[in-house]
Amino acid sequence: MNKTGNIVSDIKVENLCNVIDLLYTCMDDYLYVYDLVNDFYYISPTAVEKFPLKTNYFHNVIKNLESLVYPPDFPSLQADINNVLTGVKSTHNLQYRWVDRSGHPVWIKCQGNVIRDKVSGKVLYMLGCVNEIGAHQKADNISGLLSLSGLKDLLNSFTGPYPDGFILRLGPDDFKEINEKLGVEYGDFVLFKIAECISKCLLSHQYLYRAGSDEFIVIDLSGTKEQDAIALYKNIRHAIDAFVSENRYNAVFTISAGLLMFESVEEHTYNNILKLSEFALSSAKKLGKNNCYTFENEDYYIFLKKRNLTRLLKQSVDNNFEGFEVYFQPLYTLHTNDIYGAEALMRFKCEEFGLISPIEFIPILEETGLILPAGKWILHEALKTCKKIKEHIPDFKISINVSYIQVIKSDIIDEIIYAVSKYNVKPSDVIIELTESGQMASDAHIRKMWTKLKDHGIMVALDDFGTGYSNFHYLYDLKPDILKIDRSFTVQAMENEYEYNLLNLISDMGHNLQLKICVEGIENDNELARMKILSPDYCQGYYFGKPCSYNDFHSQYIIPDKNAV
């Protein structure tokens, strides 16, 4: 070495490239040699898999590196290389970003030493190493386990389908609460103990990895069957329960698992296995926690459809509600058998799935918050249509559903009042329906909303009465104008005398409270005759008409076509 510590040699670049070829398969980092005289660059072949390089060697180095480096970081690289070329620096040591094949920036640390000619001292080569400083750790010091990179190496070692076996992905339920109540340090202790409990239950051919912040993966490639994998989960759960007890219940938690049998997997790749195991664990938690869910392709297809449908719904909302349509179902006055109004119902149709059931897409709108713009849209469409119908039926009323989500997360009440005024519709001809739910009972915001609507003369209806959370004090607290009896209650009343008598009592009570009663779900003459005995005010159901488009509603109920068969 010379006085500056730089290596001096007459080594040829071909020899250095050969050394890289010998070593690169033994390491995760990327070795490189930069021939500064001939403007030539050679890097470990594995770099081509991660970064947008055509080959692992090229001339015109600075220009080619410019296409590889994250643009904001290129000036600092260029300046550092110039310092090496001009002799200002004898080493290269820089942290900056390259761009991977997906276009995402990847932080790297690039180090290199200069090799000079031993006679002239001229800079010949720079030899060094590139490593991803943002890459995942190989092992986890908290649990003492290998991380997912170890699992990736294991699975990538197979050239074809994986041997029969399974992956069991485990995660403690509500672990966040442990960190919040007892602290992160105690949470780390619990994770260590979970790893210990799992490890004690494993056989010699089963391996455990840490997956993410609070998840673990067990892999078995020995052909173990599903029932044995489930038995393993139960043993792990018992071990966790024992730890909770021995720990004097300082941290009380359960553990869920997603089981993925390799025989049920179509694509045997690391990324796909990881994705499906994550879905399996998530499904276990959604099914109530403290249980094991076995992956089913059919469930996953439903999940993918929901994800795609969510995307399509968002696109439609952004594209002026293309694919959405308002359907109308007639509402009848029972004692005169005359149509008095219609319920406005949202429908959605797309090229990929066709007409989607409201049971399927309405919950997605509510979960994503898209119900806010969609609910506002149907409100205006319904009142606009109501205004047109009233030209033929002056007392026509329009009934519009409002979601609990709309009430608590938007100014829907002010929007209703504004829309009633905008379309010059009588407030008493507008009925706002809110589905009965457990959340309504304790929400002062709901009561305030109903009061405000009633103060403006807008009618309010309690929908789906008789399902889920029926509670008579709603009738006192909310004081609705109309009580709508759900179809499921109607069916029960048709089949059971006790239920029929109960419905009769509810109808009498409603009338004594000056409420109007609407029975939903009337589908045939027998049901209509039985319901008439109860003297409800209104009826609704397929017997009177199914939901239909405005054009069909107009021709069937407003100006019927006398020539129609």
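1. At 3% relative accessibility, Ser507 is a buried residue; here buried means under 20% relative accessible area, exposed means over 50%, and partly exposed covers what is in between, with a 1.4 Å probe and protein chains only. Ser507 sits in helix H19, residues 497-512. Leaving out residues up to four places away in sequence, Ser507 touches Ile517, Leu534 and Ser535, where contact means heavy atoms within 4.5 Å. Helices (H or I, at least four residues) and strands (E, at least two) are DSSP runs, numbered from the N terminus.

2. A word on what you are looking at: this is a predicted model, in which local features need pLDDT of at least 70 and side-chain atom pairs count only at pLDDT 80 or more, while totals for chains, interfaces and linings use all residues. Residues are numbered from 1 along each chain as its sequence is written, and side-chain values use heavy atoms, with hydrogens and water left out.

3. Now the overall picture. The protein has 21 helices and 23 strands. Its radius of gyration is 35 Å, whereas a compact globule of 565 residues would have one near 24 Å; the radius is taken over C-alpha atoms, and the globule rule is 2.2 Å times the number of residues to the power 0.38. Along its principal axes, the C-alpha trace spans about 110 × 55 × 45 Å.

4. Surface and interior come next. Buried residues account for 48% of the 565 residues. The accessible surface comes to about 28900 Å², and carbon and sulfur atoms hold 51% of that surface; these areas come from the Shrake-Rupley method with a 1.4 Å probe, and for residues only the protein chains shown count as cover. Of the contacts between residues at least 6 apart in sequence, 62% join residues at least 24 apart.

5. Tyr550, in helix H21 (residues 550-558), is buried at 19% relative accessible area. Setting aside neighbours within four places in sequence, Tyr550 is in contact with Val326, Phe328, Thr385, Lys388, Ile389 and Ile558.

6. Gly128 belongs to strand S7, residues 123-132, and is buried at 14% relative accessible area. Beyond residues up to four places away in sequence, Gly128 touches Tyr30, Leu31, Tyr32, Gln111 and Gly112.

7. How many cavities of 30 Å³ or more does the structure hold? There are three. On a 1 Å grid over the protein atoms alone, a cavity is a set of points where a 1.4 Å probe fits but cannot get out, while a pocket is an open set with protein on both sides within 12 Å along at least five of seven lines; lining residues have an atom within 4 Å of a point. Grid points are joined across faces, edges and corners, and a volume is the space filled by probe spheres set on the points.

8. The largest cavity holds about 60 Å³ of space. Its lining includes Tyr32, Tyr41, Leu65, His92, Trp98 and Met126. Strand S2 (30-35), helix H4 (74-85) and strand S5 (91-99) each give two or more residues to this lining, and S5 gives the most, with three. By class, the lining has 10 nonpolar, one polar and no charged residues; Ala, Val, Leu, Ile, Met, Phe, Trp, Tyr, Cys and Pro count as nonpolar, Asp, Glu, Lys and Arg as charged, and the others, Gly among them, as polar.

9. The second largest pocket has a volume of about 1100 Å³. Its lining has 35 residues, and Glu343, Leu345, Pro358, Asn401 and Asp463 lie nearest the pocket's centre. Among the elements that supply at least two lining residues each are strand S16 (338-350), helix H11 (358-368) and helix H12 (371-389). The classes here are 15 nonpolar, 11 polar and nine charged residues.

10. Finally, two backbone angles to look at. Most residues other than glycine have a negative phi. Arg248, not a glycine, has a positive phi of about 60°; Arg248 lies in the loop between helix H8 (226-246) and strand S13 (255-261) and is exposed at 71% relative accessibility. Gln514, also not a glycine, has a positive phi of about 65°; Gln514 is in the loop between H19 and strand S22 (516-520) and is exposed at 67% relative accessibility.
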